[in-house]
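Subject: Structure handover

Hello,

Here is the structure I promised you. Please open it alongside this note.

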Amino acid sequence: MTESIVNGFLLAARHELSDSLNKPTGPARPNIVRAAMDIMESEPGRPWTVSSLAEHSGASVRSLQEAFRKHLDASPMTYLGTVRLRRAHEDLRASNRFTTTVADIAKRWGFAHLGRFAASYRSMYGETPLRTLIRE
């Protein structure tokens with residue numbers, strides 16, 4: 001009930017986010033996309049392939065790929081890489097720089113090539129993984 005009242009106030013009152021709230025939304029994500037996203041979010045360190053994601057999502061490989069491209073403008077594996085980078089970032093920020101290495105965290109989240117991990121990380125977060133780890 002409280003949520004309904006708050007939503008009513010947000011929709012009725014004029015504020016800086018009014019235009020965003022009144023903007024039409026895009027189409028809802030298909031069930032196979034949501035299922036694959038949930039799987040990747042719940043087990044990002046698992047060695048997923050597009051085939052295994054499709055199987056767990058109840059779709060064909062082609063259907064899953066097309067749905068991801070249409071609704072997320074990315075492939076399932078690109079999305080998985082983003083999830084893993086986010087988890088690695090969280091771990092780097094929370095870890096003790098004296099007992100943890102960047103390589104430990106990269107390996108934990110399924111990054112086999114440290115150079116590619118570092119390049120992707122820097123592209124997403126604007127700094128090296130080591131810089132994030134040693135920041136206090």
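Below is what was found, taken topic by topic.

First, the ground rules. This is a predicted model, in which local features need pLDDT of at least 70, side-chain atom pairs count only at pLDDT 80 or more, and totals for chains, interfaces and linings use all residues. Residues are numbered from 1 along each chain as its sequence is written, and side-chain values use heavy atoms, leaving out hydrogens and water.

**Helix packing**

Two packed helices are described by the angle between their axes and the distance between the axes. Helices here are DSSP runs (H or I, at least four residues), numbered from the N terminus. Axes are lines fitted to C-alpha atoms over the stretch in contact, with angles from 0 to 180 degrees between N-to-C directions.

Start with helix α3 (residues 31–42) and helix α5 (residues 61–72). They pack at about 90°, and their axes are 9 Å apart. That makes α3 roughly perpendicular to α5 (the term covers 65 to 115 degrees). On the α3 side, the contact (heavy atoms within 4.5 Å) uses I32, V33, A36, M37 and M40. On the α5 side, it uses S63, L64, A67, F68 and L72. Nine of these residues are nonpolar, one is polar and none is charged. In this count, Ala, Val, Leu, Ile, Met, Phe, Trp, Tyr, Cys and Pro are nonpolar, Asp, Glu, Lys and Arg are charged, and the others, Gly among them, are polar.

Next, helix α6 (residues 76–94) and α8. Their axes come within 11 Å and cross at roughly 85°. So α6 is also roughly perpendicular to α8. From α6, the contact takes T82, L85, R86, A88, H89 and L92. From α8, it takes F117, S120, Y121, M124 and Y125.

**Aromatic residues**

A pair of aromatic rings is described by the distance of the centres and the angle of the planes. Rings of Phe, Tyr and Trp (its six-membered ring) pair if their centres lie within 6.5 Å; planes under 30 degrees apart are stacked, over 60 edge-to-face, and the rest tilted. The count by this rule is four aromatic pairs. In one of them, the ring centres of F111 and F117 are 4.8 Å apart with planes at 45°, so the pair is tilted. Y121 and Y125 also form a tilted pair, at 4.9 Å centre to centre and 40° between planes. These two are four residues apart in helix α8, so about one helical turn separates them. F111, F117, Y121 and Y125 form one aromatic cluster.

How buried or exposed are they? Buried means under 20% relative accessible area, exposed over 50%, and partly exposed in between (1.4 Å probe, protein chains only). F111 is buried at 17%. F117 is buried at 1%. Y121 is buried at 0%. Y125 is partly exposed at 25%.

**Two loop residues**

E127 sits in the loop between α8 (114–125) and α9 (129–134). E127 is buried, at 13% relative accessibility. Its side chain makes a polar contact of 2.5 Å with the side chain of T132. Another, of 2.4 Å, joins the side chains of E127 and R135. A polar contact is a pair of N or O atoms within 3.5 Å; within protein, one must be able to donate a hydrogen and the other to accept it, and residues adjacent in sequence count only if both atoms are side-chain atoms.

D73 lies in the loop between α5 and α6. D73 is exposed, at 70% relative accessibility. Its phi is positive, about 55°, although D73 is not a glycine. Most residues other than glycine have a negative phi.

Best wishes

Technical notes. Parallel < 35°, antiparallel > 145°, perpendicular 65-115°, else oblique.
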